[in-house]
Every structure is written in structure tokens, then in C-alpha cells.
Amino acid sequence: MPVVALARLLGQPEVSAFLRGVVERGRYSNAYLFHGPAGVGKGTAALALARAALCDRVPGAARFAPRAAEPSLFGEAPAPAASQAPRDDACGECPACGKSAQLIHPDLKFLFPVSGDEREYEESIGETFENWRADPFHLFEYDRAASIRIKQTQELQRDLAYRPYEASRRVVVIRDCDRMREDQYSTLLKSLEEPAPTTVWVLTTSRVSRVPATIRSRCQRVRFAPIAEGAIRDVLESQAGVPGSDAVLLAALAGGSLGRALALRGEKAGEAKAQRDAALAMLSTALHGDEKTLWSVVSAAAKGAARNREAVRRLVEFQMLWLRDILRAGAGLPEATLVNRDRDNQTLFERARTLEPAEVRRRLFVLEEALRAIEGNVSADLSLMSAMLRVGGSRVGEGAWPPHPTARWDI
Ligand SMILES: [Zn+2]
């Protein structure tokens with residue numbers, strides 16, 4: 001299983017520098033809270049930190065100092081000495097690194113949310129580990145009800161009673177730590193309050209406000225930023241085997257989350273493109289001002305939106321990406337810079353000729369507002385219809401708009 005070193009965390013140079021500093025000094029906080037958007041590498045960084053903390057060659061990590069390398073009886077050169085290994089990252093070669101790469105190091109504990117029946121709990125955990133080992137881009141995806149189980153925390157408590165087995169410390173990674181029950185937090189809090197110098201906790205969350213303040217205040221917080229679009233595109237193309245034009249589209253859609261881009265690759269890329277084409281057809285209907293057709297298209301698209309806001313949100317995002325392409329084309333940028341370069345873009349170039357950039361920006365602003373409304377609890381179909389009517393309006397200039405106190409009431 002290919003693992004990522006601390007030095008190579010994608011798009012997180014500050015986090016990488018900070019964590020390497022921790023490893024090099026060998027002075028770990030009792031607990032870290034990795035927080036930031038979903039899919040930006042918090043889990044990957046947690047594993048990278050754990051591996052460095054357990055590596056035999058990083059000074060201070062091994063329980064017993066590795067024996068100094070000596071020349072063999074036959075005068076061969078000694079094996080690489082510990083001093084040649086990085087002091088701030090896992091070496092990737094020692095037995096401990098081998099075990100942590102396979103997720104079988106006895107001093108490395110993982111807790112993550114599990115969905116489904118209690119009776120299948122062991123199986124789901126085993127399966128997750130198996131998939132994770134097999135796929136370097138494994139995505140932890142769970143349903144809304146998934147949680148970290150009591151059994152998991154109880155097993156961990158039993159382990160914590162013993163000294164680490166092989167390394168000088170133990171690392172406990174709790175993924176999506178916002179998915180625990182009250183009583184689990186109290187147990188966790190107890191462990192965090194009685195710091196054992198041998199245990200380093202790494203908690204990750206993309207919903208930091210759901211983590212109890214008592215836990216947050218006992219952790220050193222490490223903030224992860226969204227990843228740059230170009231970096232996501234590179235990974236998709238060079239490592240995840242996504243063809244070029246798809247990589248551009250998925251990276252643009254990802255909004256800084258590699259996880260989100262990866263979730264759309266493969267067969268799903270075709271689905272995403274079909275969604276994109278539907279979104280653009282809707283936009284075209286709006287721009288032609290055909291209100292009757294527009295309403296039926298919008299209400300069909302917003303059907304089931306209460307359960308699946310993501311689909312409606314993505315639809316609007318596709319429309320925004322297309323409008324941005326119009327701006328690019330209007331500014332004379334080559335077709336290779338367009339996100340939607342895989343399409344026949346004759347209409348796009350026509351629009352770029354006929355629409356003033358200010359008018360395009362105005363429409364982008366309307367869609368941005370619609371995104372916020374959809375993410376809030378406003379009816380998705382009404383917000384979408386309202387946005388489409390305004391996007392299609394011929395008088396889109398500032399000041400020419402009819403008064404609309406809220407997006408909800410102006411249709
Ligand atoms: Zn190592």
C-alpha cells in the first residue's frame with residue numbers, strides 16, 4: 001500500500017512543515033485535532049504523522065535503539081546508518097515502517113465510524129482495512145447514521161492499560177471524531193486529561209463545531225486548507241489514471257477537496273458529465289427566456305432535493321463553471337484553458353462574443369447566492385427557479401432588478 005510521507009502531503013505545506021518540526025524535536029503534544037474541509041488529506045496526514053512517530057530510525061521513536069551498523073566479516077559496506085534516515089519523517093524502510101504501511105503496527109490504533117448492523121461490525125471494520133490497504137485513494141464514505149462504536153472505544157481502553165508493544169509510544173488516530181456519543185466523549189476526555197506520555201492522540205474532523213468544546217480545548221489544533229485546483233488535477237492525471245479533460249473538469253468541480261474529485265472518477269465521471277449537460281441545457285433554457293419549459297425542467301431537477309442537496313448544488317456549480325469559461329473565452333484565453341473543453345463549445349464562444357463580461361459576472365453572482373440559499377434551508381426548487389429567472393432576465397444590469405427582499409419570494 002503506497003503511503004504518503006509527511007514531506008509530501010498534497011497542498012498542505014504549512015501542516016507538513018509543522019508536523020515535521022514536531023517529529024524532529026520529538027516533542028509531541030498529548031493530542032492533535034486535525035480540522036478542515038472533507039477530502040483535503042487530514043487522514044493521510046494522521047497516518048503519516050503516526051508512521052514518523054513509530055519509525056525505528058527517527059530518534060526517540062524506537063523503544064530500543066537500533067544497533068549501530070557494522071561492516072560485515074567480508075568487508076562489505078555497512079547498511080545505511082540511522083543518521084542517514086530523515087530525522088523529521090518516517091524512513092519507509094525499517095520494520096516499524098513496514099508494519100505501519102500495512103496498518104498492522106501493534107502500537108498504531110485506528111478508530112473510524114462504522115455503518116450498519118452491530119452484528120456485522122467486525123466484518124465492516126475488517127473490510128475497511130482491507131480496502132484501505134488495497135487502494136491508495138481509498139475513500140472513507142459512510143451513511144449519515146455511521147458512528148464510532150462503543151465496542152471500538154472499549155477495546156481501545158483495554159489497550160491503553162498496557163505499555164506500547166514495540167515503539168516507545170503509541171499513536172491513536174480517531175477519524176471523524178465528531179461521530180461519537182456523549183459517554184464516549186467523557187471516556188475520551190478522561191484519557192486526554194490524564195496524559196500518558198506514551199500515547200499521542202490524533203483526532204480528525206471536517207465538522208469541528210460538532211466536537212465538544214471540552215475535547216477541542218485539550219487538543220492542539222492543526223488547520224487544513226482546501227487544495228489548489230492544479231494540484232488536484234495533477235494527482236488525478238498522474239496517479240489516479242483519470243484522462244486529461246476529465247481531470248480538468250473533476251478538479252474544477254472538487255472545490256479544493258481531492259476526496260470529492262476522487263469520488264467522481266471512473267464510471268462516475270460519465271454520470272457527472274451527463275449531469276453537467278443537463279445543467280447546461282437548463283441554463284440555455286433560462287437564457288432563452290422560455291419560462292414554461294424552465295419551470296418543468298427546474299422542478300424535475302429539484303425533485304428529491306430535500307434528501308439530495310448535493311445534486312442540486314452540483315448542478316448550479318456546473319452552470320457557474322460554464323459561465324467562468326465564457327469569461328475565459330471572452331478574454332481571449334485559448335480553448336485548452338476551458339474547464340468544459342471536452343464539449344463542442346460553439347455556443348460558448350458565441351455567448352462570449354455577445355455577452356458583456358459584467359453581465360456574465362452578474363449571473364455568476366446570482367448563482368452564488370442560489371448556492372447559499374440551497375445550502376440553507378430554503379426550498380431548493382424555488383431557489384433554483386428564482387435564480388434561473390434572474391439569470392435569464394434580459395435586464396441583468398445593476399439597478400435594473402425588480403425588488404426582491406429574499407430569493408425565496410421574488411418569483
Ligand atoms: Zn522507519
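**Exercise 1. Classify the residues that line the largest cavity: how many are nonpolar, polar and charged?**

Step 1. The lining of the largest cavity divides into 6 nonpolar, 4 polar and no charged residues, where Ala, Val, Leu, Ile, Met, Phe, Trp, Tyr, Cys and Pro count as nonpolar, Asp, Glu, Lys and Arg as charged, and the others, Gly among them, as polar. The model is predicted, with local features requiring pLDDT of at least 70 and side-chain atom pairs counting only at pLDDT 80 or more, while totals for chains, interfaces and linings use all residues. Residues are numbered from 1 along each chain as its sequence is written, and side-chain values use heavy atoms, with hydrogens and water left out.

Step 2. The residues in question are L111, T153, L156, Q157, I174, M180, Q184, T187, L188 and W201. Among the elements behind them, α5 and α6 (182–193) each supply at least two residues of this lining; helices (H or I, at least four residues) and strands (E, at least two) are DSSP runs, numbered from the N terminus.

Step 3. The volume of the largest cavity is about 50 Å³, and the structure holds 1 cavity of 30 Å³ or more. On a 1 Å grid over the protein atoms alone, a cavity is a set of points where a 1.4 Å probe fits but cannot get out, whereas a pocket is an open set with protein on both sides within 12 Å along at least five of seven lines, and lining residues have an atom within 4 Å of a point. Grid points are joined across faces, edges and corners, and a volume is the space filled by probe spheres set on the points.

**Exercise 2. Describe the second largest pocket: which residues lie nearest its centre?**

Step 1. K109, F110, I125, F129 and E155 lie nearest the centre, out of 16 lining residues, and the pocket holds about 310 Å³ of space.

Step 2. β2 (108–111), α4 (121–134) and α5 (150–160) each give at least two residues to the lining, which by class has 10 nonpolar, 2 polar and 4 charged residues.

**Exercise 3. Work out the zinc site: which residues coordinate the ion?**

Step 1. The zinc ion is coordinated by the SG atoms of C55, C91, C94 and C97, at 2.3 Å; donors are N, O and S atoms within 2.8 Å of the metal (3.2 Å for Na, K and Ca), and water is not among the atoms, so sites may look incomplete.

Step 2. The angles among the 4 donor atoms run from 104 to 115°, and the site is tetrahedral, a label given to four donors if all angles lie between 85 and 135 degrees.

Step 3. Along the sequence the donor residues follow the spacing C-x35-C-x2-C-x2-C. C55 and C94, both in the loop between α2 (42–54) and α3 (95–101), are 39 residues apart and link distant parts of the chain. Both C55 and C94 are buried, that is, under 20% relative accessible area, with exposed meaning over 50% and partly exposed in between (1.4 Å probe, protein chains only).

**Exercise 4. Examine the salt bridge of E166: what is its partner?**

Step 1. The partner is K99, with the closest N and O atoms 2.8 Å apart; a salt bridge is a side-chain nitrogen of Lys or Arg within 4 Å of a carboxyl oxygen of Asp or Glu.

Step 2. E166, in the loop between α5 and β3 (170–174), and K99, in helix α3, are 67 residues apart and link distant parts of the chain.

Step 3. E166 is partly exposed at 37% relative accessible area, and K99 is partly exposed at 27%.

Notes
Four donors count as tetrahedral if all angles lie between 85 and 135 degrees; four count as square planar and six as octahedral if opposite donors are over 155 degrees apart and all others between 65 and 115; anything else is irregular.
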